[in-house]
Amino acid sequence: MSKLLEIALGLVTGIGGFLEAGSLSTSAQAGAAFGFQLVWPIVLGTVCIAFLVEMGGRLAAVSRHTLPDAMRERFGVRFFSVVLVAVVLVSFLVLASEIGGISLALQLATGIRFQWWAPVVALAVWLLLWAHNFGLVEKGASLLGLVTLVFVVAAFRLHVPVNELGAHALPSLPQHDGARYWFMAVSIIGASVSPYLFYFYSAGAIEDEWDESYLGVNRVIAGIGMGFGGGIAVAVLAGAAMVFHSRGIQIDRYEQIPLLLAEPLGRWGFILFVASLGIACFGAALEIALQIAYLVAQGFGWKWGENLKPSEAARFTLVYTIAILLAGLLIFTGIDPLKLTIFSMALTALSLPITVVPLLILMNDPQYVGEHGNHWIANAAVLFISIVACIVAVVAIPLQLLGGS
Amino acid sequence: MELGHAVLDQQVRDRKGELMGKVDGIVLELRGSKAPRVARLVIGGGTAARRIHPRFADWLLGWRRRWGPKDDQPVEIPWSQVLKIGIDVKVDLDAERTSAWAWEAWVRDHIIGRIPGA
Amino acid sequence: MKPSEVRFEDLIGKVVRNPYGRPIGRIEDVRVEPDGEDYLVTEFLLGPMERWSRVLAFIGELTTLRALGIGKERRLRPFPWHWIDLTDPARPRLEAEWAERAERAERAERAEEAE
């Protein structure tokens, strides 16, 4: 496949696959609560994930190792198991959030409560992975995921003041409700810097057999793909600011969010919202389930591969099966999907140092990346954002829990 | 070369290039007045678990005895059968003929294989 | 496991002490070289005693910190294989005849670092 085609496909995947339950809910809630003020965590988070995704791709292309594989080799099984447990736990909660999102979309479409949809959704996600033709599924889901661009359209229709948006790309202090502000900021960063994104991207680069010649392609896809994706999240926040903040309405239920599109776009807005939520979360659910399986299988040296028949990679298959089963079960219990989503995002931010520092160390180890090591700016940016996000999360999460979300 | 750096926790591939597991352990033979020699590589059988914590390994092994394949022995690869050490460790064996895939086969036969379409 | 055998992964992290019981360092790795059909251990690579400085050594490898002047390259001290007595693998000891040599080398290294 020509490199240009690869770039195009990669961009589509990056843009179409960026928005999911986490970025949608956190951006919408933040827009409703604080207007345009919380654009800066989206910017920070997007910059961070763009760096990390690029690193994941570079690691795969140069070292020919996937991230979990390299981590186990470099740090030994003990440290690896700590990272494994942390990432699997957090990823599992995010997976459940995505299944919750799809179920909610179906509730909005049909009126049947989301928890009854959970088993159906889980089965559908599982079936698509079981069919082991993930390349097709992924490209299809990402292409369909471009429907999330409707949020950008809506933002234009709502006449979002773009210069005001731009002004808030830099961090600012809250004028009211400090605890909630920082909790939201941290959740937004957690939503943008989801580990599954760079783990999955790295595995994809190995499956596609990337080598050093793909480093340029990698940079373009990571930078522009994530960049545009972040732009969609900003559009969600801006739309929510226009529709909710101006009226002083807070978002605390998923069912309110469609108004964001319904107001500027009428009935079609509602339909496209349901489609966006469902498709975006579906694509993410597939990737996260696979990523959990990759992490375990690659860390322990088992056979793995998204295009292998289940009987050819039985343990790998078992891992994603159990992950999806449990995630579906969690949503079936009726837990509030919005609360679960926001909380998982905050938890992701909290766990960032553990998930990110090993990758950074690998990216500076000539044994793995040869002369293609990290520029010190990339290290500094990612390290800084991760550590600050973690520290803020340590403070903000308990405060939020005590204050009642 | 440095053993921990270059061999331990590396991916092992058999002579057909199939994934066999990770180097969970390495056994050295002490020979008194002669330099110790690298005797063999070990895959599985609770070796990795022991490195995490011996108690964890005991708990895991107890659980594994009740469930799982009968042939749950670690794969012992004599050093003489190591062909190449590079991106991964290539060995002169057929993974199928070892216990490397005992668990893979067990999961396939008892769980995954029972679902239609596997 | 024959009685003359020892697990390499068990050796890692074990403290090596000199004949007077003073800790010298922790075994971090082992260097092996081919000798005919076999690979033989040539050196034990020892790292710092404190666990936290081992962690810091990892992080110090980040080029950012190096650019800022913090953190330095992880240096492990090589000890020839016959200097270390593994009769009790859980308690490796520096052989008495080499203890003084090791001490002199350590002092020289510290003096060099102080410059």
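This is a predicted model: local features need pLDDT of at least 70, side-chain atom pairs count only at pLDDT 80 or more; totals for chains, interfaces and linings use all residues.
## H3 and H17 in chain A

Let's start with two helices of chain A, H3(A) at residues 39-63 and H17(A) at residues 376-403, whose axes sit 10 Å apart at an angle of about 130°. The crossing of H3(A) past H17(A) is left-handed.

Who does the touching? On the H3(A) side you'll find Leu44(A), Val47(A), Cys48(A), Phe51(A) and Leu52(A), and they meet Ala378(A), Ala381(A), Val382(A) and Ile385(A) of H17(A). In class terms, this contact has 9 nonpolar residues, with no polar and no charged ones.

## H7 and H11 in chain A

Next up are H7(A), residues 150-157, and H11(A), residues 215-243, with axes that come within 8 Å and cross at roughly 40°. That angle makes H7(A) oblique to H11(A). Here too the handedness is assigned: H7(A) goes past H11(A) in a left-handed crossing.

H7(A) brings Phe151(A), Val152(A), Ala154(A) and Ala155(A) to the contact, while H11(A) brings Ile232(A), Ala235(A), Val236(A), Ala238(A) and Gly239(A). Sorted by class, the contact of H7(A) with H11(A) gives 8 nonpolar residues, 1 polar and no charged.

## H10 and H12 in chain A

How do H10(A) and H12(A) sit, at what angle and how far apart? The two pack at about 70°, and their axes are 9 Å apart; H10(A) covers residues 195-207. An angle of that size makes H10(A) roughly perpendicular to H12(A).

The H10(A) residues in this contact are Tyr196(A), Tyr199(A), Phe200(A) and Ala203(A). Facing them from H12(A) are Glu287(A), Ile288(A), Leu290(A), Gln291(A), Tyr294(A) and Leu295(A). The class count for H10(A) with H12(A) is 8 nonpolar, 1 polar and 1 charged.

## A closer look at Leu261

Leu261(A) belongs to H12(A), the helix that spans residues 259-300. Is Leu261(A) buried or exposed? There are 26 other C-beta atoms within 10 Å of Leu261(A), so this residue is buried; the cut-off for that label is 20 or more.

Skipping neighbours within four places in sequence, Leu261(A) is in contact with Val150(A), Ala154(A), Gly269(A), Phe270(A), Leu272(A) and Phe273(A). For a sense of distance along the chain and through space, take Phe198(A): it is 63 residues from Leu261(A) in sequence, and the C-alpha atoms are 30 Å apart.

## The sheet in chain B

Over in chain B, 4 strands make an open sheet, running S2-S1-S7-S6 with mixed pairing. The edges are S2 and S6 (82-85) of chain B, each of which pairs on one side only. On average, neighbouring strands here are turned by 25° against each other, ignoring direction.

Inside the sheet, S1(B) and S7(B), residues 89-91, are joined in the parallel sense over 2 bridges. Opposite Val12(B) you'll see Val89(B), which lies in S7(B).

## Where chain B meets chain A

Chain B puts 21 residues in contact with 20 residues of chain A. Which elements of chain B give two or more residues to that side? They are strands S1 (11-13) and S2 (19-22), plus helices H2 (47-52) and H4 (102-110). This side of chain B splits into 11 nonpolar, 5 polar and 5 charged residues.

## Where chain B meets chain C

Towards chain C, 21 residues of chain B are in contact with 20 residues of chain C. At least two residues each come from helix H1 (3-6), strand S3 (25-31) and strand S4 (34-43) of chain B. S3(B) gives the most, with 7 residues. The class tally for this side of chain B is 12 nonpolar, 4 polar and 5 charged.

There is strand pairing across the two chains as well. S3(B) pairs with S1(C), residues 5-7, in the antiparallel sense over 3 bridges. Within that picture, Glu29(B) stands opposite Glu5(C) of S1(C). As a reminder, strands of a sheet pair through backbone hydrogen bonds, either parallel or antiparallel.

How values were computed
Residues are numbered from 1 along each chain as its sequence is written. Chains are lettered from A and ligands numbered from 1 in the order in which they are written. Two residues are in contact if their C-beta atoms, placed from the backbone, lie within 7 Å. Ala, Val, Leu, Ile, Met, Phe, Trp, Tyr, Cys and Pro count as nonpolar, Asp, Glu, Lys and Arg as charged, and the others, Gly among them, as polar. Two strands pair if DSSP finds at least two bridges between them. Axes are lines fitted to C-alpha atoms, for helices over the stretch in contact, and angles run from 0 to 180 degrees between N-to-C directions. A crossing is left-handed if the near helix is turned anticlockwise from the far one by less than a right angle, and right-handed if clockwise. A residue is buried if 20 or more other C-beta atoms lie within 10 Å of its own, exposed if 12 or fewer, and partly exposed in between; C-beta atoms are placed from the backbone. Angles under 35 degrees count as roughly parallel, over 145 as roughly antiparallel, 65 to 115 as roughly perpendicular and the rest as oblique.
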